[in-house]
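Thanks for passing this one along.

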Amino acid sequence: AAKDIRMSKQPTGIANGLTNYGDPDFSLYLRRSFARSMGYSNAMLAKPVVGIAYTPSSFNNCHRHFPELLDAVKRGVLAAGALPMEFPTISLGEVWLSPTSLKFRNLMSMDTEEMVRAQPMDAVVLMGGCDKTVPAQLMGAVSAGRPAVMLVGGPMMTGRHRGERLGACTDCRRFWAQYRAGKIDEAEINEIEGKLATTAGTCAVMGTASTMACLVEALGLILPGTAAIPAVHADRLRAAEATGAAAVRLIGSKLTPDVIINSKSMENALRVLLAIGGSTNGIIHLTAIAGRAGIPVSLKRLNELSDTTPVLVNLKPVGNGYMEDFFAAGGMGALMRELKDLLHLDAMTVTGETLGERLAHDSDASRDSWIDRTIIAERKKPLEPQGGLVALFGNLAPQGAILKRSAADSNLFELEGRAVVFSSLADLAARIDDPNLDVEAKDILVLQNAGPHSPSAMPEAGYLPIPKKLATKGVKDMVRVSDARMSGTAFGTVVLHVTPDSASGGPLGLVRNGDRIRLSVKERRIDLMVDDAELKRRAAAAKPAADKPERGYARLYAQEILGADQGCDFAFLKPR
C-alpha cells in the first residue's frame, strides 16, 4: 500500500529527481523523513514544489531587500497551492568582485542550471537584479529547461544633493569627472558619495541592471509591468506575490525558457534594447542567453534593426530621467505599445499570452494608461530617429565592436586621429594623469589587453578617463577604443568589445602610438590606417600570450571563454 501511495502517479514535488541509493522507495522514504525534520506536515509534503533561486549577499547591496521579497514570493506560492522552497546560489554584486563580475557570470549560470536540475522542483522563481545576476540566471534556466519565471529586484530611488536629484551611477561618473577636472573639491565629492545610492535596489538609471530587467520583460520571462517597479515600492512586493502564483501556474507547462527564447522574442528584445538607449552590456548578455537556446545574434542584424528603431526613453545616461520616472511614466507596456508595429506580436510569454495579447490590454499591473511623454516619447517625436547602439566593423574589429551612439558626442562620429596607446590596465593607471603624456583632444585613446581572453577578463574599463591635463582644460569627451566593456551607466564616444580581442591575437593588439585610426559611424567602420604588410610584421614579432592559470575556475575560464561576438559564454555550455 505504501508503495502505491508514493509511486503510483507521475512524481511531482519532493518525489521528483530522487537521490540514488539503489532503491527508489527507500530514497523517497528517506527524503520525506529528513523533510519532516523541517516541520513540514504530510499535507505540505504532498504538494508540488516551486523552487526559488535566492541570491542575497552582504557583498551585493542591490539585493538587500530580498528577504522581504522572498516572503512575498512564498505567500504567492502557498496561496496558489504549492510548497515554496528557496535555495541559495552565487550572488554577483557588480562593484564587489575582482577583477570584474563578468568573469563569474558563467559560474553563476552553471550554479543556477545545476541546482534547478538537480533539486526536486516543478517550477522555479529566479530572483535576480544586479547586472550579471539576471543574465546568469536566464542562461542557467534556458539550459536547465524547467518551467521558470523571473522576479527582478527593481531600481533604487534617487537621492538629493543641493537641490539636484542624484542616482547611481551616471551621476557618480559625472561628479567624479568634475572632481578630476578640479571643478569640485574633496569635501563635496565625499558629501556626494553618501547621496548617490540611498535605498535598496539596482542603479537608478538605464544601466545594465535596468536594461536587463527591461529586456527580460521584452523576452516575456517576467510578469507584465514588473520590470521598472522601484525596489522599495509596495508594488514590488505585490509583483513578488504574483510571481510566486505565476510559478505555480507554470507547473507541468511546456512553456519553458528554452521555448520562450527564440529568434522572434530575441529580436523583440533587441528592438527594446535600441529604443531604451540601453547598456552596451545588454548585447553581450542577450547573445549569451540566445546562444544557450541555439539562437545566433548577428551584429549586422543589430545594425539593420538600429536603423529602423528610434530611441524613445529619456533616461540617464542617454537623457535626463531615472527609472522611478520610467515606472511612473507607463513603463515597458507603454514603450512596447509605441513599438508595436516593429515587434513580433506572436511571441509567447511566460503568462501563456502572446506579446500581442499582452499589449492589447490598456494597462499593465495596477497602473492606468496615462503616459508621461517627457519620459517615453511618441514614435512621431522620438528622442533620436535611430537606435541607441551601433555595431562597427573594419580591419580593427573584423568581428565587430559596439558604440553607444545615443550616449556619445555626434561631433566625434566621423574622425581620423592619432592613437595614444595603453598596453594594459596597469599602463593606463600609471600614465593617464601624467602631465607629460603626449595627448591632444583630437587623439584617439586606445586600451589593449582588457578583453575576455585577458587576465582582467573584460572589465568595465572601456570608459577611459579623460587625461587629467585635458580634463582640467575643459575637455569632456574623446574617442576611446578598447576590447573592454563599459558600465551601462557611462557615457561618451567609446568604442567597446573590439573583437577579436588583443589577448587572442586580434588586430587591436597591433596598434602602436602615433598610428592613425579612422572612425566612421556613418559607414559603420573603425579602421587602423596601417598597411597589411606592416601589421603582419608586427604580428610576427608579438610576444606569446601569458601562461594560462594552472587551477580552479580561472583555468576553466581561460580554457573555455568565447569572444564578445558569442556573448563571452563558455564553449562547453553552448548546446551541441
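The points below take the helix contacts and then the cysteines.

1. A word on the ground rules. This is a predicted model, in which local features need pLDDT of at least 70 and side-chain atom pairs count only at pLDDT 80 or more, while totals for chains, interfaces and linings use all residues. Residues are numbered from 1 along each chain as its sequence is written, and side-chain values use heavy atoms, with hydrogens and water left out.

2. Let's begin with helix α9 (residues 208-219) and helix α12 (residues 263-275), whose axes come within 8 Å and cross at roughly 145°. Helices here are DSSP runs (H or I, at least four residues), numbered from the N terminus. Axes are lines fitted to C-alpha atoms over the stretch in contact, and angles run from 0 to 180 degrees between N-to-C directions. The crossing is right-handed (the near helix is turned clockwise from the far one by less than a right angle).

3. Who touches whom in that pair? On the α9 side the contact (heavy atoms within 4.5 Å) is made by T211, C214, L215, A218 and L219, and on the α12 side by S265, M266, N268, A269, V272 and L273. These residues divide into eight nonpolar, three polar and no charged. Ala, Val, Leu, Ile, Met, Phe, Trp, Tyr, Cys and Pro count as nonpolar, Asp, Glu, Lys and Arg as charged, and the others, Gly among them, as polar.

4. α9 also packs on helix α16 (residues 331-338), at an angle of about 60° with the axes 11 Å apart. That makes α9 oblique to α16 (angles under 35 degrees count as roughly parallel, over 145 as roughly antiparallel, 65 to 115 as roughly perpendicular and the rest as oblique). C214, E217 and A218 of α9 meet M332, G333 and M336 of α16, a set of four nonpolar, one polar and one charged.

5. Now the cysteines. The whole structure holds one disulfide (a pair of cysteine sulfur atoms within 2.5 Å), which joins C169 to C172 with an S to S distance of 2.3 Å. The torsion about its S-S bond is about -125°, so the disulfide is left-handed.

6. C130 is buried, with a relative accessible area of 2% (buried means under 20%, exposed over 50%, partly exposed in between, with a 1.4 Å probe and protein chains only).

Technical notes:
Helix = DSSP H or I, 4+ residues; strand = E, 2+ residues; numbered from the N terminus.
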